Amino acid sequence: MNKPYPDAPVFDEDETMSRDELTFEQINGLRRVVCNAKNVEFYREKLRDLEPEDIKKPDDLWRLPFTTKEDLRQNYPLKMLAVGRDKISRVHGSSGTTGKPTIVAYTENDVDTWANLCARFLFAGGLRSSHFAHIAFGLGMFTGGFGLHFGINRVGAAIVPAAAGNTRRQVMLLKDLAADALICTPSYALTIAETMREEGIAPDDLPLSLGFFGGEIWTEEMRARIEKELGVFATNNYGLSELIGPGVAGECRYRCGMHIQEDHFLVECLNPQTLKPVKIGEEGELVFTALTKEAMPIIRYRTRDIAALNYAPCECGRTGARMSRVRGRTDDMLIIRGVNVYPSQIEEAMLRVSGAVSPHYLIEVDRPKQLDVVTLKVELTPENFSDRMDEMQTLRDRIAREVQVSAQIGVNVELLAPQSLERAAGKAVRVLDKRNLNH
Amino acid sequence: MKIHQLSLFLENKPGHLGNAVKLLAENNLNIATLSLADTEQFGILRLIMPEWEQARQLLAGAGFVVKVTEVVAIEVSDRPGGLNDILRVIGATGLNIEYMYAFSKRRGEAAILLLRFSDPDAALAALRAGGGIKLVTAAEMFG
Ligand SMILES: [Zn+2]
């Protein structure tokens, strides 16, 4: 694996501004946001008693209201615009898995800012103007395609707009055009690797040396696999269409968290229940305020993504705080006897017991008296079934023990017959929280 | 001798045992005997049937987790201490019994003991060598 990191340390000098300068920029940014947001009906009432000059220190941020995904949905399609339609240069939409999507809009300046933000993290992860960058995102309403497209363009590298789908053709293009960088979701990177194996193409047959992956929650184990199977140096990046798209944060060559582009996005890490800041370094919900966006100001947007922040200086020289991988979503998070638990931890445990595939399961939480009781219902698979009672008890104990290791909670394991848990269309129901029903 | 046994996983809920048995009855598949090992939450149903292969397909098709295992069938002589004699012979061979259950085909006839060993073939050889044990074949069992 070669790491093409010569010359210039950063793409844009602003990435290394001192924390003091950054604070100054952020206060100015907040004043601008308050001013601009007063053009939006949704914010006007909420900001009635606040004038831009009232913002004097970073903590004054706490006087600003939160914005949720639901707020954006209710203001579909363009009620959050702070500028006239004639000033809009582009619109995008978030994938609406339930109901209507949310629409986001950009002025010409916003589009320009966005290209710069994407160029910064692409450069930080090793992309240079001499490279060919293969991008396996379509140019659609989804922000991933256009965002990265203009980011590559800003770096000066060649764009191979392979779009989504037809993996065999993608593999052919990667090989024939000798792309240096691959840009896609981590799961699609694994699909490409699988197709390469089927086609008998070894990692060394491709000159590919860089991978930029984002758009979904992934793990270090997945990174190791992708790097081995594709022969790339893989970096993680983070973004949300509500904020701008990709370009909110990205890893540098040291890969110890993703540098948040704090001169454009003010970040908070809050306890999702109390909405108070967690201690620095602890996991909490990330909340962002976009400091420079013109078309659609967004204040204290609750991402529902759980991650931790690290403000220690990074060897690369970038001063932006680093966010950890997204550990989970607040939507999926369960608080059991005060411990945060994510379905992904249960899944990890089950994989250790079962090997290849995780059996279907349901986490049922109840509070019959004072204490939370968790029942983990697991469908039995033919491979797991033994006709000896003692072995079945052992299986049950092993599942409970592995969950204890992964999630630090005790659970009662119930073994169920196959197909006995309900399957919702598309998405499996993983959690049934009965605690609220009993109050 | 070695007899095929079907083992089924059952949730310990009303109707689950009944559903399996009903399905077999509706398809005219006879159950020679059955035994149920259960805990508060789940159970393992063990079935001895002449048409075990058909039954296995039927149950698996209906969504049950089914496993085929082999058990050893031994006749228990109809006199005081009959069972004790058998267990003494098995004990002498050093074989480990995973579980066992007994049944009699008709009232007044000798009981048949079904034993599950981790290695049924080794168990059979040892029991033959041990002497004094009457093994029951599938033909005798279902005849
Ligand atoms: Zn760094």
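Colleague: Is A:C256 buried, partly exposed or exposed?

Modeller: This is a predicted model, and each value here is computed from it. Partly exposed lies between under 20% (buried) and over 50% (exposed). A:C256 has a relative accessibility of 35%, so the residue counts as partly exposed.

Colleague: And what about A:C252, buried or exposed?

Modeller: The relative accessible area of A:C252 is 0%, so A:C252 is buried.

Colleague: How many disulfides does the structure hold?

Modeller: The general idea comes before the count. A disulfide is a covalent bond that joins the sulfur atoms of two cysteines. Over all chains, the number of disulfides here is zero. Take A:C256 as a case: its nearest cysteine sulfur belongs to A:C314 and is 4.3 Å away.

Colleague: Now the cavities. How many of 30 Å³ or more are there?

Modeller: A cavity is a space where a probe fits but cannot get out. The structure holds four of 30 Å³ or more. The largest cavity has about 140 Å³ of space.

Colleague: Which residues lie nearest the centre of the largest cavity?

Modeller: They are A:E15, A:H259, A:I260, A:Q261 and A:R318, out of a lining of 19 residues. In chain A, α4 (108-124), β8 (245-251) and β9 (258-260) each give two or more residues to that lining. By class, the lining of the largest cavity has seven nonpolar, five polar and seven charged residues.

Colleague: What lines the second largest cavity?

Modeller: Its space is about 50 Å³. The lining consists of A:L72, A:N75, A:P77, A:M80, A:T102, A:I103, A:V104 and A:M296. Six of these residues are nonpolar and two are polar, with no charged residues.

Colleague: Then the pockets. How much space lies in the second largest pocket?

Modeller: A pocket, unlike a cavity, is an open set of points. The second largest pocket has about 470 Å³ of space. Its lining has 24 residues, and A:V267, A:E268, A:C269, A:L309 and A:Y311 lie nearest the centre.

Colleague: Which element supplies the largest share of that lining?

Modeller: α1(A) does, with six residues. Both α1 (19-37) and β10 (265-270) of chain A supply at least two residues each. The lining of the second largest pocket divides into 15 nonpolar, three polar and six charged residues.

Note on methods: Residues numbered from 1 in each chain as written. Chains lettered and ligands numbered in written order. Predicted model: local features only at pLDDT ≥ 70, side-chain atom pairs only at ≥ 80, totals over all residues. Heavy atoms only, no water. 1 Å grid on protein atoms, 1.4 Å probe; cavity = no way out; pocket = protein on both sides within 12 Å on 5 of 7 lines; lining within 4 Å. Points joined across faces, edges and corners; volume = space filled by probe spheres on them. Helix = DSSP H or I, 4+ residues; strand = E, 2+ residues; numbered from the N terminus. Nonpolar A, V, L, I, M, F, W, Y, C, P; charged D, E, K, R; others polar. Disulfide = S-S within 2.5 Å. Buried < 20%, exposed > 50% of the residue type's maximum accessible area, 1.4 Å probe, protein only.
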